[in-house]
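Subject: Structure handover

Dear colleague,

Please find below the structure that I am passing on to you.

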Amino acid sequence: MSLEYKVVPVTSFSQNCSIVWCDETMEGIVVDPGGDVKQLNMLIEELGVKVVKLVLTHGHLDHVGGTQPLARALDGVPVIGPHKDDNFWLQGLEGQSQMFGFPLCEAFEPDEWLEEGDTVTFGNQVMEVYHTPGHTPGHVSLFNRESKVAFVGDVLFNGSIGRTDFPKGDFDTLINSVKTKLWPMGNDVRFVPGHGPESTFGYERQTNPYVADEMPLY
């Protein structure tokens, strides 16, 4: 059995929404449905995935803007995450919509908040949940240990890191999240960032100017 995923850039911010599924059961989740719901829904049907949950890494509009309409289109599947410390972002979605010129997005709360150590399951697959604050205080990252793939939202990018100049963002906290939560997952772990191309933790440890620790690649 293995984990499959398809990354779909959505919204004018080219946010990486991920459709992730178990290839044995075809049950899956959608990580960060930020917008372009019609396109996402068509692709989900095309892939033949039975989406059982929508999972949010954090509360920024480009990551959550399509959550409510997509949940409705998928017969009311539950919305899971992020960590409750991002509730203020979700409650401020209307203001975020106006600020960034996005279609109006109303405030909402997920069906379930995520905590460090929780798991998100679908089919025969398990995602481990890590609380990775810094970009936002309630940011979470997801790790599938078996397939060695992580979905890290806006914590870490290929060659860069997430912004920390938003309300309740903090640079030192973000760096700590990367080094104490992501690095221990393993250098060979591939990650899908919230924007831009995929990379591996090992490559970022060697080359990323913000978090490189000169660890030799074996």
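Two strands are said to pair if DSSP finds at least two bridges between them. Strands (E, at least two residues) and helices (H or I, at least four residues) are DSSP runs, numbered from the N terminus. This is a predicted model, in which local features need pLDDT of at least 70 and side-chain atom pairs count only at pLDDT 80 or more, while totals for chains, interfaces and linings use all residues. Residues are numbered from 1 along each chain as its sequence is written, and side-chain values use heavy atoms, with hydrogens and water left out.

The sheets

Strands of a sheet pair through backbone hydrogen bonds, in either a parallel or an antiparallel sense.

The covered face of β6 carries Val-120 and Phe-122, whereas Thr-119 and Thr-121 are on the uncovered face.

A further open sheet, of five strands, has the order β1-β2-β3-β4-β5, again with mixed pairing. Here the edge strands are β1 (3-10) and β5 (79-80), each of which pairs on one side only. Strand β4 (residues 50-55) and β5 pair in the parallel sense over two bridges, and Val-55 stands opposite Ile-80 in β5.

Two serine residues

Ser-141 is found in strand β8 (residues 140-144). Its relative accessible area is 0%, so Ser-141 is buried (under 20% relative accessible area; over 50% is exposed and anything in between partly exposed, with a 1.4 Å probe and protein chains only). The side chains of Ser-141 and Thr-132 are joined by a polar contact of 2.9 Å. A polar contact is a pair of N or O atoms within 3.5 Å; within protein, one must be able to donate a hydrogen and the other to accept it, and residues adjacent in sequence count only if both atoms are side-chain atoms. Leaving aside neighbours within four places in sequence, Ser-141 is in contact (heavy atoms within 4.5 Å) with residues including Val-129, Tyr-130, Phe-151, Val-152 and Leu-182.

Ser-199 is placed in strand β13 (residues 199-200). Ser-199 counts as buried because its relative accessibility is 5%. A polar contact of 2.6 Å links the side chain of Ser-199 to the side chain of Glu-204. Not counting residues up to four places away in sequence, Ser-199 touches Asn-158, Val-189, Arg-190, Phe-191 and Glu-204.

Cavity and pockets

Rolling a probe the size of a water molecule over the atoms shows where empty space is left. On a 1 Å grid over the protein atoms alone, a cavity is a set of points where a 1.4 Å probe fits but cannot get out; a pocket is an open set with protein on both sides within 12 Å along at least five of seven lines; and lining residues have an atom within 4 Å of a point. Grid points are joined across faces, edges and corners, and a volume is the space filled by probe spheres set on the points.

By this rule there is one cavity of 30 Å³ or more. The largest cavity has a volume of about 40 Å³. Elements giving two or more residues to its lining are β2 (15-22), β9 (149-153) and β12 (190-193), and β2 gives the most, with three residues.

The largest pocket has a volume of about 230 Å³. It is lined by 13 residues, of which Phe-13, His-60, Asp-62, Asp-154 and Phe-166 are the closest to its centre. Helices α2 (61-64) and α5 (93-100) each supply at least two residues of this lining. The second largest pocket has a volume of about 150 Å³, and the residues that line it include Thr-11, Asp-36, Leu-61, Phe-102 and Cys-105.

Yours sincerely
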